[in-house]
Structure formats: structure tokens, C-alpha cells
Amino acid sequence: MKIKVVFSIILILMLFNLQVSQNVATANGKMRQRSSVILIINNIAHTNYDQKLTKIMDESLHKKIDGIYNEADGADYLTKFSGHSNENASTKDMLDIVRDSSVDYFIYTELQPFVKKENYNLIYYDKSMTASVVLRIMDVKNGKELYHNKYSIESTDTTDYWFIGNGSVAKKALESALFRTGEAISVHLPL
């Protein structure tokens, strides 16, 4: 009998606490509005497997913004950024392209051409590829760049079969660079 009474009291207190916290949140009226973001992925690596690399980038970078930000469709703007490097483009020029959107922030990523090195001897064959990903985060509303960096990561594979595919080594290097890029987005993109 005592256990039922204690359990009932605890249950009532938990329900009361839940109701009070909901009332406080709605009374304040200051529940966080998600910021809106445009994500542009510009793949200028010019490889035979560009579509696969772009898909890897898309999946990896969306993990960092999905559920936290409202993503606006960037398809209209992608054509204006694709096909050439925008690593050194001025912030003003880049923001002028997306200014007519209603987003708060603009994330520009660029996969640059891979740097490939091969070494071999009588027994082993080594292949290394360096993936370079440019990340630029811009505040569209205030017209300023929040973050600009380039991540270059080298990945190496070794075999005694004398065959290593470029795609597998490139994928390893890209995934390492995207890890760093994703962490930078988490740190530097305001909520």
C-alpha cells in the first residue's frame, strides 16, 4: 500500500514538472527558430568518379545541418558557382549571388583536383592521394564571412599486387577531409 502511494506521488510530481516546463517554454514565446542555410557543393576534381565523390560529400555534409538548420534549395545557385574555383573569390561577389535568397547563412564547399603520387619497388606498390576541400561559411544577412579554410588530407594505400584503384584511395582521403570540414561547420556555423 505504501509503495502505491509513493509511486502515485512521484508520478504526480513528474507530470506537474512536465506541465510547468511546457508552460514556461510557451509563455516565453522564445523557442529557437532554426536558421536557414544554403549548402553548395562544387566538385571540380575532374575525375572519372566525380558523381560518387559528390554523393559522398553531400551525405557527409548534410549530416551536419539536417535537423539543426532549415536548408533552402541551392540548385539555382549551384550553376553560378560550379565549374571553377571560388576559393579566392571575394566575399562580396559570392554573397551577391545568394543575396536574393531568404537564408541566414551560406555554406560553400569545393572539392579541388586530387594530387596523386605513386611509388613502387620490386615488392610493394604505394599510391597516395591528397584531397583538398575548401570550406567557406558566410552570414548572408550581415554580409560577412564567418569562416574560410582549406583542408588537405593525404591518404596512402600499399599493396603487393601492383594494383590500387585511384577511387578507393581518393575516397579515403576525401572522407578524412570531410570529417574535418564537418567539424568546422559544427563549430563555426551559428545556430
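Modeller: A helix axis here is a line fitted to the C-alpha atoms over the stretch in contact, and the angle between two axes is taken between their N-to-C directions, from 0 to 180 degrees. This is a predicted model. In it, the axes of helix 2 (residues 50-65) and helix 5 (residues 166-188) come within 10 Å and cross at roughly 25°.

Colleague: Why is helix 2 called roughly parallel to helix 5?

Modeller: Angles under 35 degrees count as roughly parallel. The crossing angle is roughly 25°, and that makes helix 2 roughly parallel to helix 5.

Colleague: Is the crossing of helix 2 and helix 5 left-handed or right-handed?

Modeller: The crossing of these two helices is right-handed.

Colleague: What makes strand 1 count as mostly covered?

Modeller: A residue is buried when its relative accessible area is under 20%. Eight of the eight residues of strand 1 are buried. One side carries Ser 36, Ile 38, Ile 40 and Asn 42, the other Val 37, Leu 39, Ile 41 and Asn 43, and both faces are covered. In a regular strand, side chains alternate between the two faces of the sheet. For the protein chain as a whole, buried residues make up 38% of the 191 residues.

Colleague: How do you know which strands pair with strand 1?

Modeller: At least two bridges are needed for a pair. Strand 1 has two bridges to strand 2 (residues 70-71), and the two run parallel. Ser 36 is opposite Asn 70 there. With strand 3 (residues 105-111), strand 1 has seven bridges, also in the parallel sense; Val 37 has Tyr 105 as its bridge partner.

Colleague: How many bridges join strand 4 to strand 5, and in which sense do the strands run?

Modeller: Strand 4 (residues 115-120) and strand 5 (residues 125-139) are joined by six bridges and run antiparallel. Val 115 has Thr 130 as its bridge partner in strand 5. The two strands form a hairpin, with four residues between them.

Colleague: Why is the pair of Phe 106 and Tyr 108 called tilted?

Modeller: The search of the whole structure finds three aromatic pairs. In the pair of Phe 106 and Tyr 108, the ring centres are 6.5 Å apart and the planes stand at 45°, so the pair is tilted. Planes under 30 degrees apart would count as stacked and over 60 as edge-to-face.

Colleague: How do you know that the buried residues of helix 4 line one face?

Modeller: The buried residues of helix 4 (residues 91-98) are Thr 91, Met 94, Leu 95 and Val 98. Seen down the helix axis they fall within an arc of 95°, so they line one face of helix 4. An α-helix has 3.6 residues a turn, so residues three or four places apart point the same way.

Colleague: Is His 46 buried or exposed?

Modeller: The cut-off for exposed is over 50%. His 46 has a relative accessible area of 61%, so this residue is exposed. His 46 is in the loop between strand 1 and helix 2. Its phi is near 55°, a positive value in a residue other than glycine.

Notes:
Residues numbered from 1 in each chain as written. Predicted model: local features only at pLDDT ≥ 70, side-chain atom pairs only at ≥ 80, totals over all residues. Heavy atoms only, no water. Phe/Tyr/Trp six-rings, centres within 6.5 Å; stacked < 30°, edge-to-face > 60°. Buried < 20%, exposed > 50% of the residue type's maximum accessible area, 1.4 Å probe, protein only. Arc of directions from axis to C-beta. Parallel < 35°, antiparallel > 145°, perpendicular 65-115°, else oblique. Left-handed = near helix turned anticlockwise from the far one by under 90°.
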